[in-house]
Amino acid sequence: MTNPETSVTEDPHAALAALNTRLDELVESAGADGWTNDTPAAGWDIGMQIAHLAWTDEVSVTAIRDADAFRSVVEKAEADPTGFVDVGAAEIAATGRDEVLARWRLARGELADALKAADPGEKIPWFGPPMRPRSMTTARIMETWAHAVDVADALGVPVDSDPAFVAALPHVARLGWKTRAFAYLMNGLEAPASEVHVALTQADGTVVEFGPADAEQCVTGPILDFCLLVTQRVHRGDTALEAVGAEAEEWLRIAQAFAGLPGGGREKGARA
C-alpha cells in the first residue's frame, strides 16, 4: 500500500511573491552599509546575492518569452559551465546597489507576470530539464529562498519562524525530493531504482510527505533542515535528519535542488 505525495496546496505564485517582498524588506533595512556584508557563501556579499537573483530572473523571463534567445544563453553557459552565471551576476553587481535593486525588482515582476500567463501544459527550456510553469515557479521559490537565507544569515535575522520563509518550505522540500535522480546525474552517478519516502515535520507539528509510504528507504526530520540540505546551505552532519537505508543516506550526501554542477556545500559546524 503506497501513499501519493502530499499536495502542496498553497499558491506557489503567492509564496514566491511573499518571499521576494520579505527579502526586499531585509535588504532595504540593511541599507547601503549592509549591502557589502559578507554572506555564508564564500566570496559573495549581499549585493552579489541579489545580483544573482536579478540575473536568473531575467534569464527566466527570456526562457519563457524567447526560446531562441534562451538557446544562445545556454550555448554561452556550455562554453563556461563553472563560471558563466557568476560572471553574469558580477556584471550586474558592478553597476551598484541602486541599479541592482531596480533590475531585480523589475525582473521578478516581469517573471511573475510571465509565469502566470504561460500555458500550464507547456514546457519551458532551462539549464536542467525543461519545466512546466508551475515547476519553474517552484524552482524560483527554491533559489530565492536559498539566497534569502544567506542574506538573512549575513544580517543575523532568524528565518525559522519568519512567515515568508516558512511558507516556502513545502515548495522547496518538494523540489528537493523530485530532484533526487538529477542529483545523481550531476555527480556522475547512476541513480538507484529504489524509491524514498520523505516525511518532514513543520514547525506546527504537521508532517509533509513525499514518495511511497512503504518504501524501504526513508528520510525523516525537520523540514527546515531538509530544505537547507538540498540547497546546500548546511552540512549533513549539522542536521537532525534521519535516513533509513544506505541509498537514502547516500542521497542526502549529494542532494541538490538547483540546476547546474554540484556545489561545494557548507563546512561542518558552519550552521550548527
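Me: In which hand does helix 6 pass helix 7?

Reply: Helix 6 crosses helix 7 in a left-handed sense, where left-handed means that the near helix is turned anticlockwise from the far one by less than a right angle, and right-handed that it is turned clockwise. Helices here are DSSP runs of H or I with at least four residues, strands are runs of E with at least two, and both are numbered from the N terminus. The model is a predicted one, in which local features need pLDDT of at least 70 and side-chain atom pairs count only at pLDDT 80 or more, whereas totals for chains, interfaces and linings use all residues. Residues are numbered from 1 along each chain as its sequence is written, and side-chain values use heavy atoms, with hydrogens and water left out.

Me: What is the angle between helix 6 and helix 7, and how far apart are their axes?

Reply: Two packed helices are described by the angle between their axes and by the distance between those axes. For helix 6 and helix 7 (residues 163-178) the angle is about 125° and the axes lie 9 Å apart, the axes being lines fitted to C-alpha atoms over the stretch in contact, with angles from 0 to 180 degrees between N-to-C directions. Helix 6 is therefore oblique to helix 7, given that under 35 degrees counts as roughly parallel, over 145 as roughly antiparallel, 65 to 115 as roughly perpendicular and the rest as oblique.

Me: Which classes of residue make up the contact of helix 6 with helix 7?

Reply: Contact means heavy atoms within 4.5 Å, and on the helix 6 side the residues include M142, W145 and V149, which meet a set in helix 7 that includes F165, L169 and V172. By class, this contact has twelve nonpolar, two polar and no charged residues, where Ala, Val, Leu, Ile, Met, Phe, Trp, Tyr, Cys and Pro count as nonpolar, Asp, Glu, Lys and Arg as charged, and the others, Gly among them, as polar.

Me: How do helix 2 and helix 6 cross?

Reply: The axes of helix 2 (residues 46-65) and helix 6 come within 10 Å and cross at roughly 170°, which means that helix 2 is roughly antiparallel to helix 6. Among the residues in this contact are H52 and D57 of helix 2 and R140 and E143 of helix 6. The class count for the pair is seven nonpolar, six polar and four charged residues.

Me: Which residues touch the most other members of the largest nonpolar core?

Reply: In soluble globular proteins, nonpolar side chains tend to be buried together. A nonpolar core is a set of buried Ala, Val, Leu, Ile, Met, Phe, Trp, Tyr and Cys residues joined through side-chain atoms within 4.5 Å, and buried means under 20% relative accessible area, with exposed over 50% and partly exposed in between (1.4 Å probe, protein chains only). Of the 72 residues in the largest core, I50, W145, F165, F226 and W251 touch the most other members. Helix 6 (residues 133-155) gives the largest share of this core, eleven residues.
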